[in-house]
Amino acid sequence: MRKVILALALVGAAGPFPSFAQQNDDLLASTARDWGGDNGVFTCDQWRAYMAKLYRLADPKKRGYIDEKSFAIIPKASSVFASATFDYFDQAGKGRVTKEEFLEFQSPFFARFDKKHSCHVTAEELRAASPSTQKQEQQPTIPSGHHGLGGGGGRGGGFGGR
(Lines give C-alpha, C1' and ligand atoms only; values in the text may rest on other atoms or scores of the structure.)
Protein backbone atom coordinates (compact mmCIF):
# COMPACT_ATOMS: atom_id res chain seq x y z
CA MET A 1 0.00 0.00 0.00
CA ARG A 2 2.85 2.40 0.86
CA LYS A 3 4.41 1.80 -2.57
CA VAL A 4 1.14 2.73 -4.27
CA ILE A 5 0.82 5.94 -2.24
CA LEU A 6 4.44 6.83 -2.96
CA ALA A 7 3.95 6.17 -6.68
CA LEU A 8 0.84 8.36 -6.77
CA ALA A 9 2.67 11.12 -4.91
CA LEU A 10 5.53 11.00 -7.41
CA VAL A 11 3.14 11.16 -10.36
CA GLY A 12 1.41 14.15 -8.78
CA ALA A 13 4.72 15.84 -8.10
CA ALA A 14 5.89 15.31 -11.67
CA GLY A 15 2.85 17.13 -13.06
CA PRO A 16 3.81 20.75 -12.24
CA PHE A 17 7.49 20.32 -13.23
CA PRO A 18 7.38 22.53 -16.36
CA SER A 19 5.76 25.26 -14.29
CA PHE A 20 8.50 24.89 -11.68
CA ALA A 21 11.17 25.09 -14.39
CA GLN A 22 9.61 28.28 -15.73
CA GLN A 23 9.44 29.79 -12.25
CA ASN A 24 13.08 28.85 -11.72
CA ASP A 25 14.10 30.57 -14.98
CA ASP A 26 12.12 33.67 -14.03
CA LEU A 27 13.82 33.73 -10.62
CA LEU A 28 17.29 33.35 -12.17
CA ALA A 29 16.61 36.22 -14.54
CA SER A 30 14.96 38.49 -11.97
CA THR A 31 17.78 38.16 -9.44
CA ALA A 32 20.59 38.57 -11.99
CA ARG A 33 20.59 42.36 -11.52
CA ASP A 34 21.64 41.78 -7.91
CA TRP A 35 25.06 40.61 -9.05
CA GLY A 36 25.59 41.79 -12.63
CA GLY A 37 24.24 43.46 -15.70
CA ASP A 38 26.65 46.36 -16.00
CA ASN A 39 25.96 48.01 -19.36
CA GLY A 40 23.41 45.30 -20.14
CA VAL A 41 25.95 42.45 -19.91
CA PHE A 42 26.19 39.65 -17.35
CA THR A 43 29.64 38.08 -17.02
CA CYS A 44 31.29 35.29 -15.05
CA ASP A 45 33.65 37.89 -13.55
CA GLN A 46 30.64 39.77 -12.13
CA TRP A 47 29.30 36.50 -10.74
CA ARG A 48 32.65 35.59 -9.12
CA ALA A 49 32.95 39.07 -7.57
CA TYR A 50 29.43 38.70 -6.13
CA MET A 51 30.23 35.24 -4.74
CA ALA A 52 33.48 36.58 -3.20
CA LYS A 53 31.49 39.36 -1.50
CA LEU A 54 29.00 36.84 -0.08
CA TYR A 55 31.82 34.60 1.08
CA ARG A 56 33.48 37.50 2.91
CA LEU A 57 30.16 38.17 4.70
CA ALA A 58 29.98 34.55 5.84
CA ASP A 59 33.66 34.28 6.84
CA PRO A 60 34.49 37.60 8.53
CA LYS A 61 37.16 35.92 10.69
CA LYS A 62 38.92 34.67 7.52
CA ARG A 63 38.99 31.04 8.64
CA GLY A 64 39.13 29.84 5.04
CA TYR A 65 35.83 27.98 5.21
CA ILE A 66 32.18 28.48 6.07
CA ASP A 67 29.98 26.08 7.96
CA GLU A 68 26.20 25.84 8.20
CA LYS A 69 26.03 28.39 11.01
CA SER A 70 28.12 31.01 9.21
CA PHE A 71 26.31 30.29 5.92
CA ALA A 72 23.04 31.53 7.46
CA ILE A 73 23.95 35.15 6.59
CA ILE A 74 23.99 34.43 2.84
CA PRO A 75 20.25 33.76 2.28
CA LYS A 76 19.48 36.83 4.39
CA ALA A 77 21.87 39.07 2.44
CA SER A 78 21.14 37.78 -1.07
CA SER A 79 17.88 37.44 -2.96
CA VAL A 80 19.75 35.12 -5.33
CA PHE A 81 20.24 32.62 -2.51
CA ALA A 82 17.11 33.45 -0.47
CA SER A 83 15.95 29.84 -0.51
CA ALA A 84 19.38 28.18 -0.66
CA THR A 85 20.52 25.79 1.99
CA PHE A 86 24.02 25.01 3.12
CA ASP A 87 23.70 21.49 1.70
CA TYR A 88 23.39 22.98 -1.79
CA PHE A 89 27.04 24.07 -1.50
CA ASP A 90 28.29 21.29 0.78
CA GLN A 91 27.71 18.52 -1.73
CA ALA A 92 30.48 16.39 -0.23
CA GLY A 93 28.76 16.53 3.17
CA LYS A 94 31.92 17.62 5.02
CA GLY A 95 30.13 20.24 7.11
CA ARG A 96 32.25 23.04 5.66
CA VAL A 97 32.82 24.70 2.33
CA THR A 98 36.19 26.24 1.54
CA LYS A 99 36.53 29.60 -0.16
CA GLU A 100 37.77 27.88 -3.31
CA GLU A 101 34.81 25.49 -3.38
CA PHE A 102 32.36 28.33 -2.83
CA LEU A 103 33.85 30.56 -5.53
CA GLU A 104 34.09 27.73 -8.05
CA PHE A 105 30.45 26.72 -7.65
CA GLN A 106 28.80 27.05 -11.05
CA SER A 107 26.22 29.76 -11.47
CA PRO A 108 22.73 28.40 -12.22
CA PHE A 109 22.23 31.57 -14.30
CA PHE A 110 25.09 30.73 -16.68
CA ALA A 111 24.17 27.05 -16.75
CA ARG A 112 20.74 28.10 -18.05
CA PHE A 113 21.32 31.21 -20.17
CA ASP A 114 24.93 31.09 -21.46
CA LYS A 115 24.25 28.96 -24.53
CA LYS A 116 27.57 29.94 -26.14
CA HIS A 117 29.60 29.13 -23.00
CA SER A 118 31.28 32.51 -23.34
CA CYS A 119 30.69 33.78 -19.78
CA HIS A 120 28.95 36.72 -21.44
CA VAL A 121 25.15 37.05 -21.56
CA THR A 122 23.55 40.23 -22.85
CA ALA A 123 20.24 41.60 -21.63
CA GLU A 124 18.92 40.97 -25.16
CA GLU A 125 19.90 37.27 -24.97
CA LEU A 126 18.30 37.07 -21.56
CA ARG A 127 15.03 38.55 -22.83
CA ALA A 128 15.07 36.18 -25.81
CA ALA A 129 15.55 33.16 -23.53
CA SER A 130 13.06 34.25 -20.89
CA PRO A 131 10.12 31.83 -20.56
CA SER A 132 7.59 34.67 -20.42
CA THR A 133 8.95 36.10 -23.69
CA GLN A 134 8.94 32.67 -25.32
CA LYS A 135 5.39 32.04 -24.09
CA GLN A 136 4.17 35.36 -25.52
CA GLU A 137 5.87 34.67 -28.84
CA GLN A 138 4.61 31.08 -29.04
CA GLN A 139 0.99 31.51 -28.00
CA PRO A 140 -0.27 33.13 -31.22
CA THR A 141 1.33 30.39 -33.33
CA ILE A 142 -0.16 27.42 -31.48
CA PRO A 143 -2.83 25.86 -33.70
CA SER A 144 -6.22 25.30 -32.13
CA GLY A 145 -6.65 21.90 -30.56
CA HIS A 146 -3.03 21.82 -29.36
CA HIS A 147 -2.09 22.54 -25.80
CA GLY A 148 1.46 23.73 -26.35
CA LEU A 149 3.01 20.61 -24.83
CA GLY A 150 6.20 19.02 -26.04
CA GLY A 151 9.36 20.43 -27.48
CA GLY A 152 10.93 21.22 -24.15
CA GLY A 153 12.41 24.53 -25.26
CA GLY A 154 15.94 23.17 -24.96
CA ARG A 155 15.74 22.81 -21.20
CA GLY A 156 17.54 20.05 -19.52
CA GLY A 157 20.11 19.28 -16.96
CA GLY A 158 19.37 21.27 -13.90
CA PHE A 159 21.98 23.53 -12.45
CA GLY A 160 24.89 22.21 -14.46
CA GLY A 161 26.57 20.41 -11.60
CA ARG A 162 30.10 21.33 -10.77
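K62 is exposed, with a relative accessible area of 72%. The model here is predicted. K62 sits in the loop that runs between α3 (44–58) and β2 (65–67). Its backbone stands out. The phi of K62 is near 55 degrees, a positive value, and K62 is not a glycine. Most residues other than glycine have a negative phi.

Look for H117 in the loop between α8 (108–113) and β4 (120–122). Is H117 buried or exposed? H117 counts as exposed because its relative accessible area is 70%, and the cut-off for exposed is over 50%. K62 passes that cut-off too, with 72%.

In soluble globular proteins, nonpolar side chains tend to be buried together. The largest nonpolar core in this model holds 28 residues. Which of them touch the most other members? They are W35, F81, F102 and F109. Several helices contribute: α3, α6 (86–89), α8 and α9 (123–129) each supply at least two residues of this core. The largest share comes from α3, with 7 residues.

W35 is then in contact with F42, T43, Q46, W47, Y50, V80, F109 and F110. One of these partners, F109, is itself among the core residues that touch the most other members.

Technical notes: Residues numbered from 1 in each chain as written. Predicted model: local features only at pLDDT ≥ 70, side-chain atom pairs only at ≥ 80, totals over all residues. Heavy atoms only, no water. Helix = DSSP H or I, 4+ residues; strand = E, 2+ residues; numbered from the N terminus. Buried < 20%, exposed > 50% of the residue type's maximum accessible area, 1.4 Å probe, protein only. Core = buried A, V, L, I, M, F, W, Y, C linked by side-chain atoms within 4.5 Å. Contact = heavy atoms within 4.5 Å. Lists of a residue's contacts leave out its neighbours within four places in sequence.
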